[in-house]
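Please keep the sequence and the model in view while reading.

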There are 2 protein chains.
Amino acid sequence: MPITSTHNDKLKEVRRLARRSARGEGGRFVAEGEDLVAAAEAAGWPPVYVLGAADSGLQGEEVEPELLARVSGLGSGTRQLGVYEQRWSAPRGPLCVALWGVGDPGNVGTTLRSALAFGATCIALGPGCADPFGPKAVRASMGAIFSVPVARVSSVDELPGERLALAARAGEPLAGPAHGELSVLVGAERAGLPADVVAACERVAHIAIAGDSLNAAMAATVALYELTREPGPRMARS
Amino acid sequence: MPITSTHNDKLKEVRRLARRSARGEGGRFVAEGEDLVAAAEAAGWPPVYVLGAADSGLQGEEVEPELLARVSGLGSGTRQLGVYEQRWSAPRGPLCVALWGVGDPGNVGTTLRSALAFGATCIALGPGCADPFGPKAVRASMGAIFSVPVARVSSVDELPGERLALAARAGEPLAGPAHGELSVLVGAERAGLPADVVAACERVAHIAIAGDSLNAAMAATVALYELTREPGPRMARS
C-alpha cells in the first residue's frame, strides 16, 4: 500500500529536513532525485529510508506520486528521494578547500563537485557558510556530497598543512602544483576573506583575472585545477 | 503617480519577456535588480525603460511595490528592473568561447561571467543553448551580459580562428596560453560535444581531472583560466 497521507511520519520528516535547524537537530538530510540516490548507493552511503513515487518503478517505499512531489524542497517533480544520516569529518589533507562566509548553497555544492573532480581530500566550512546538507547544496554537488568529506571549522588553526588564502588581487599569483599538505581558503564573492583569517594564513595568492571578480565556486574550481596540475613543463601536462 | 494596474503596458511587456518566444519576437529582455541595472548603465547600454518600486527611492518609473515584485521572473522581491534591446554580435576573436547544447541558463550566464573575468572577446551560442537574455542567464551573468558580446552560430565554420574542442578525456591535455586567434568549444555536461562538431575542429583537448565530470560553466572557466595564463615559466605567472 503506498503512502497516501501527508501525516505520514516519513513525509513529515522530509518536510522538516528542508529547514536547517531540523537538519541540525536530527543529523539527517534529504537527497532528491534518482541520480542522487544512485550516487549515495555508489558511494556506499546507506539511506535511512528511500521513498519512490508509486507509479515510477523506482526502488523505495511507495508514495502517492503527487504527495512525493509536494514534499520536494526543490520544486520539481521528484520521483525518488532518500533520507540519510549526515557525516561530518575532521579536516584532512593533503589538499583541503576551506570556505569562509560562503552563504550561497549553490556555491558550496559546486565547490564539493570541483573537489571531487580535482581530487581534493576535504571541504572545510568556516563560519557563515551554507549547510552542505541543505537541498540546494546537495543538488549542486551532483552527488559529490557522498564522496568528499566535509568538516566544520571555526578557526584557521584547525586546517591541515600550510594555509593559503585566496585573495582578489593581493599576494603572489596562484601557481601549482601544490607541494606537501595544503589548505586553500576561499571567501565570499564580495566580502572576500576576513582580514584576521588572511593574517592567520602562511601564504596569500590571487587568481589573475582581467575583468570582474569570480564567485566562490569558480575561484575554488580554478584554484583546485591549478594546485593539482601535473609538475613539469606546462606543455607536457597530462 | 505610480503604476498601480496589472494591465499597464510596460508591466505586461515585462511579464511577456519571461517567455523565450516573446524575447525572440520583441528583441528585448529584462534585467532584474539594482545591481544589474547599474551594470547596464556602467557598460553604456541604455534601457528602453526602467521601473522602480514606488517606495524604494530607486531611479525609474514608479510602480506599486507589490505589483513590481509580482512581475519578477525570479521570484524575489525585485525593487528595480530595466527593459533593454538585445544586442547580438558576430563571433569575434581573438578568444571566443562557443557553447554547444548547453541548455541550462545558469551555465550560460556563469560562462558569460567567466568570459568577462578572463577577458574572452565573445560567447558564441550554438544549437540547443539557453537564451543568454533569459532571466536566469542574465542573473547568473552578474551583469557580464552587458559587457561580453554574444553571438548565435549554427556551425563550427562560423567560429573565428583555430577551433579547439574541449572533450571529457580525449585529445591533448589543455595547455595555455593560447597563441593567435582561438575558439574553444564546450558541450553540455553529460552529452559533451556532438561527434560532428568535434570532427570539424582542428584540435581536441581535455582538462585533467581526477574524479567526476565538470559542468559546462566550470569547464569553460578552467579553460579560460588556462588559455589566458601569462606565458613564461609557470612560477612567474602574474
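Two strands are said to pair if DSSP finds at least two bridges between them. The model discussed here is predicted.

## The four-stranded sheet of chain B

With that definition in hand, one pair of strands can be examined. Strand 1 of chain B and strand 4 of chain B (residues 80-85) run antiparallel and are joined by five bridges. Within this pairing, B:Glu32 has B:Leu81 of strand 4 of chain B opposite it. Helix 1 of chain B (residues 9-16) packs on the sheet, where it touches strand 1, strand 2 (49-53) and strand 4 of chain B. The direction of helix 1 of chain B makes about 75 degrees with that of strand 4 of chain B. Helix 3 of chain B (residues 34-42) lies across strand 1, strand 2 and strand 4 of chain B, and it runs at about 40 degrees to strand 4 of chain B.

In what order do the four strands of this open sheet of chain B follow one another? The order is 1-4-2-3, and the pairing is mixed. Strand 1 (28-32) and strand 3 (61-63) of chain B are the edge strands, since each pairs on one side only. From one strand to the next, the twist averages 25 degrees.

In general, the strands of a sheet pair through backbone hydrogen bonds, in either a parallel or an antiparallel sense.

## Strand 10 of chain B

Is strand 10 of chain B (residues 182-187) mostly covered or mostly uncovered? Strand 10 of chain B is mostly covered, with six of its six residues buried. The covering applies to both faces of the strand. On one side, B:Leu182, B:Val184 and B:Val186 are buried; on the other, B:Ser183, B:Leu185 and B:Gly187 are buried as well.

Strand 10 of chain B also has pairing partners. Strand 5 of chain B (residues 95-100) pairs with strand 10 of chain B in the parallel sense over six bridges, and B:Ala98 stands opposite B:Leu185. Strand 8 of chain B (residues 162-167) runs parallel to strand 10 of chain B and is joined to it by four bridges. Here B:Arg163 stands opposite B:Ser183.

## The seven-stranded sheet of chain A

In chain A, seven strands form an open sheet with parallel pairing, in the order 7-6-5-10-8-11-9. Its edge strands are strand 7 (150-152) and strand 9 (172-173) of chain A, each of which pairs on one side only. Strand 8 (residues 162-167) and strand 11 (residues 203-206) of chain A run parallel and are joined by four bridges. In strand 11 of chain A, A:Arg203 is the bridge partner of A:Leu164.

Helix 5 of chain A packs on this sheet and touches strand 5 (95-100) and strand 6 (122-125) of chain A. The direction of helix 5 of chain A makes about 170 degrees with that of strand 5 of chain A. Helix 8 of chain A lies across strand 5, strand 8 and strand 10 (182-187) of chain A, running at about 155 degrees to strand 10 of chain A.

## A helix pair in each chain

| Helix pair | Angle | Axes apart |
|---|---|---|
| Helix 5 (residues 105-118) and helix 8 (residues 216-227) of chain A | about 10 degrees | 8 Å |
| Helix 5 (residues 105-118) and helix 8 (residues 216-227) of chain B | about 10 degrees | 8 Å |

Because angles under 35 degrees count as roughly parallel, helix 5 of chain B is roughly parallel to helix 8 of chain B. Among the residues of helix 5 of chain B in this contact are B:Asn107, B:Thr110 and B:Phe118, while helix 8 of chain B contributes residues including B:Ala216, B:Leu224 and B:Tyr225. By class, the contact in chain B has seven nonpolar, five polar and no charged residues.

## The two domains of chain A

The domain assignment divides chain A into domain 1 (9-85) and domain 2 (95-236). Taken over C-alpha atoms, the centres of these domains of chain A are separated by 29 Å. In domain 1 of chain A, 15 residues are in contact with nine residues of domain 2 of chain A. Helix 2 (20-26), strand 1 (28-32) and helix 3 (34-42) of chain A are the elements that give two or more residues to this side of domain 1. By class, that side has 10 nonpolar, one polar and four charged residues.

Key. Residues numbered from 1 in each chain as written. Chains lettered and ligands numbered in written order. Predicted model: local features only at pLDDT ≥ 70, side-chain atom pairs only at ≥ 80, totals over all residues. Buried ≥ 20, exposed ≤ 12 C-beta atoms within 10 Å, placed from the backbone. Axes fitted to C-alpha atoms, helices over the stretch in contact; angles between N-to-C directions. Contact = placed C-beta atoms within 7 Å. Domains from an automatic or database assignment. Nonpolar A, V, L, I, M, F, W, Y, C, P; charged D, E, K, R; others polar. Parallel < 35°, antiparallel > 145°, perpendicular 65-115°, else oblique.
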